[in-house]
Amino acid sequence: MVLRSCGAAVPDKVLTNEDLSARLDTSDKWITERTGIRERRIGGTASSLAIDAGRQALERAGLTGADIDVVIVATATGDAVTPSTAAIVQDALGTAGAAFDLNAACSGFVYGLVVAAGLIATGSGRILLVGSEVLSRITDWDDRTMAVLVGDGAGAVVLEPAEGEGNLLSANLNGDGSLRQLLTCDHGGYLAMDGREIFRRAIRVVVESAERALGDAGIRAQDVALFVPHQANLRIITAAGQRLGIPIERTAVVIDRYGNTSSASIPLALEEAARMGRVHEGDLVLLSGFGGGMTWASALLRWGP
Ligand code: ACO
């Protein structure tokens, strides 16, 4: 499997820490120091953002919807229970074949990458994989503990069959359902979490699964050109990077501008890094996510041309 192109989309509306401080008992200083977030984008729907990100990924690959055989949308905030958000994307982009959603919370994009690799290994053609999330819709905007963290956005990649090794060198998907109460949102309800406990566990599981992905591919952390972690808290990102031995200079960070966009955070960060020329052919790129469930997952890519 090769990763052919990336796309991204965020709503136009910017919500700054000052905007939040004006209506909640919080401050720019607290939010910046404790999370690394300065502003976030709010608006749209999971499908509208996914369509925009998907269209950009298709255009960059020089493809149209007719060239895609499967649409996978990783999301926990789909437009409806049914139809799937992927069905709406399929219709809008005119893709053929299968379309389905996947919910593994913030690990959804890495889960989707592995599912896509499995589909391609068993004969599927091109896949459009999108992480799209509108956490603003399941956030209680009077709850300062959640409101300061979340944002909306989408990131997409086009994946296709390849001769030989391909771009995905190793991956692992993990979960522990006994920890599901750490982050919850009932139908029609709002996000609630045990932030401190997630924080503590997140660093550990990111490091463990990233080291396993590296070990399985026989790669050392020092050889990783770019670490693309889930963007939940800058302190989690830096602590995990330090333990892995990957400095912040080789880490993709977009949390300052987008907040926590759940399954969209890794593809948003990856798209920006690719667009800014931070990854080159042959570079090793390590993706690592964690989130509700709990779920956590890592994947190691060798960047293509
Ligand atoms: N503004 C000001 N003060 C606040 C805020 C706020 N927005 N939120 C909490 N506080 C206060 C608390 O009440 C507490 O006050 P106290 O000391 O008087 O009791 C103090 O700040 C410290 O609170 P902590 O919860 O200990 O703060 P911490 O440093 O742990 O940061 C945070 C909290 C940012 C939530 C952190 O724990 C975290 O990032 N956890 C992981 C979150 C995460 O990754 N979630 C999973 C993904 S979320 C998703 O998928 C949607």
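Which residue forms a salt bridge with E271, and how far apart are the closest N and O atoms?

Modeller: First, the ground rules. This is a predicted model, so local features need pLDDT of at least 70 and side-chain atom pairs count only at pLDDT 80 or more, while totals for chains, interfaces and linings use all residues. Residues are numbered from 1 along each chain as its sequence is written, and side-chain values use heavy atoms, with hydrogens and water left out.

The partner is R60: its closest N and O atoms with E271 are 2.7 Å apart. A salt bridge here is a side-chain nitrogen of Lys or Arg within 4 Å of a carboxyl oxygen of Asp or Glu. E271 sits in helix α10 and R60 in helix α3, so the pair ties together parts that are 211 residues apart in sequence. Helices are DSSP runs (H or I, at least four residues), strands likewise (E, at least two), numbered from the N terminus.

E271 is buried, at 3% relative accessibility. R60 is partly exposed, at 41%. The cut-offs are under 20% relative accessible area for buried, over 50% for exposed, and partly exposed in between (1.4 Å probe, protein chains only).

E271 has another partner, R275, in a salt bridge of 2.9 Å, N to O. Both lie in α10, four residues apart, about one turn of the helix. R275 is partly exposed, with a relative accessible area of 48%.

Now the helix itself. α10 spans residues 265–275 and is mostly covered, with nine of its eleven residues buried. Among them are I266, L268, L270 and E272. Just after α10, G277 takes a positive phi of about 75°.

Next, the setting. The chain divides into domain 1 (2–160) and domain 2 (168–302); these bounds come from an automatic or database domain assignment. Between the two domains the count is one salt bridge. About 3400 Å² is buried between them, with carbon and sulfur atoms giving 70%. That area is the accessible area (1.4 Å probe) that two parts lose on being put together, summed over both. C106, V110 and Y111 supply 18% of what domain 1 buries against domain 2, more than any other three residues.

The structure as a whole holds 13 salt bridges. One of these joins D25 and R144, at 3.5 Å between the closest N and O atoms.
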